[in-house]
Amino acid sequence: MRDQFSAELLKARSGGALPALLLTALLLAALGQLGAVYGESGLADPGVAAATSHRVLIMAGSCALFASLFGALVVTGEFRSGAIGRTVLHAPGRSVVVAAKLGAATVAGLLFGLLAVAEAATVGALALAARGSDLALDARSWGIAGAAVAVCGLGGLWGAAIGWVVRHQLAAVVGLLVWGTVGQLLVLGQLPGFGRFLPEGAQYALLGDRLTFPEALSVPLGGLLLALWCVLVALAGRTLFLRQDV
């Protein structure tokens, strides 16, 4: 298992997908964070400055979408190229392949999260300093930072789990993109009571983002629900992979 996991980590960091998605995620997050800081007019108030700092850090969680896209690529790339057959042939078993890829995608997601939090803190501090304020580093800030890393890590796992279920690269990527942008906005906006139990609603809950989604569950329930979604879809993908030809 350890050798297979190391091999999957090597595959994950090979090629240009990881740096490309990382840079895109961080750039888009930075644009949103700059907008949040420069769009706020009451930064002289310490309470407003703290709330803005929290908003900037929460936006680091937006990188979870790109982590999920990378997780899907980790799995579906081998189905697209046909290399999955060789991977299974040299692995101890199919379950080991599934677990190793899920683990590699989760590690990649954690990397997204760590870099996203570092970027958010840097951009937030510089932008707030330019407006005569400081980035708040209180207990809530650290809690949000940890939640953002967890959301991105689970985002990588979620994308890989979707990849095992869908297996077709274009379908998985387009599906994650469409649902992660337009789809979730429609459902969370029109059916918040239902959307709060979906993965996106759970993400808002884990981040404690009640400004964007007031109907979100509590932070512990959000984290538990998001992890449960990932496990259920991963188990479904494993079952399909064990039963189908490659």
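**The largest pocket and its surroundings**

Analyst: Happy to! Six helices each give at least two residues to the lining of the largest pocket: helix 2 (17-38), helix 3 (46-58), helix 4, helix 7, helix 8 (169-190) and helix 10. Please keep in mind that this is a predicted model. Helix 8 supplies the largest share of that lining, with 6 residues. The space inside the largest pocket comes to about 610 Å³. Its lining counts 28 residues, and Gly61, Ser62, Gln184, Gln203 and Tyr204 are the closest to its centre. Sorted by class, the lining has 15 nonpolar, 10 polar and 3 charged residues.

Helix 4 leads us on to the second largest pocket, where helix 1 (2-13) and helix 4 are the elements giving two or more residues to the lining. Here helix 4 has the largest share, 6 residues. This pocket holds about 230 Å³ of space. Lys11, Leu73, Val74, Gly77 and Glu78 lie nearest the centre, out of 15 lining residues.

Among the elements covering the buried residues of helix 11 are helix 4 (64-81), helix 7 (139-166) and helix 10 (199-207). Those buried residues include Gly222, Leu226, Val233 and Phe241. Helix 11 has 25 residues, and at 1.5 Å a residue they should span 36 Å; the end C-alpha atoms are 37 Å apart, which agrees.

Aromatic rings also join helix 7 to helix 11. There are 6 aromatic pairs in total. In one of them, the ring centres of Trp158 and Trp229 are 6.3 Å apart with planes at 85°, so this pair is edge-to-face. Trp158 sits in helix 7 and Trp229 in helix 11, so the pair ties together parts 71 residues apart in sequence. Trp158 is buried, at 16% relative accessible area, whereas Trp229 is partly exposed, at 27%.

Another pair, Trp164 and Phe241, has centres 4.6 Å apart and planes at 50°, so it is tilted. It too links helix 7, through Trp164, to helix 11, through Phe241, across 77 residues. Trp164 is buried, with 1% relative accessibility, and Phe241 is also buried at 1%. Finally, ring pairs link Phe79, Trp164 and Phe241 into a cluster.

Terms used:
Residues are numbered from 1 along each chain as its sequence is written. This is a predicted model: local features need pLDDT of at least 70, side-chain atom pairs count only at pLDDT 80 or more; totals for chains, interfaces and linings use all residues. Side-chain values use heavy atoms; hydrogens and water are left out. Helices (H or I, at least four residues) and strands (E, at least two) are DSSP runs, numbered from the N terminus. The expected span of a helix is 1.5 Å times one less than its number of residues. Buried means under 20% relative accessible area, exposed over 50%, partly exposed in between (1.4 Å probe, protein chains only). Contact means heavy atoms within 4.5 Å. On a 1 Å grid over the protein atoms alone, a cavity is a set of points where a 1.4 Å probe fits but cannot get out, and a pocket is an open set with protein on both sides within 12 Å along at least five of seven lines; lining residues have an atom within 4 Å of a point. Grid points are joined across faces, edges and corners, and a volume is the space filled by probe spheres set on the points. Ala, Val, Leu, Ile, Met, Phe, Trp, Tyr, Cys and Pro count as nonpolar, Asp, Glu, Lys and Arg as charged, and the others, Gly among them, as polar. Rings of Phe, Tyr and Trp (its six-membered ring) pair if their centres lie within 6.5 Å; planes under 30 degrees apart count as stacked, over 60 as edge-to-face and the rest as tilted.
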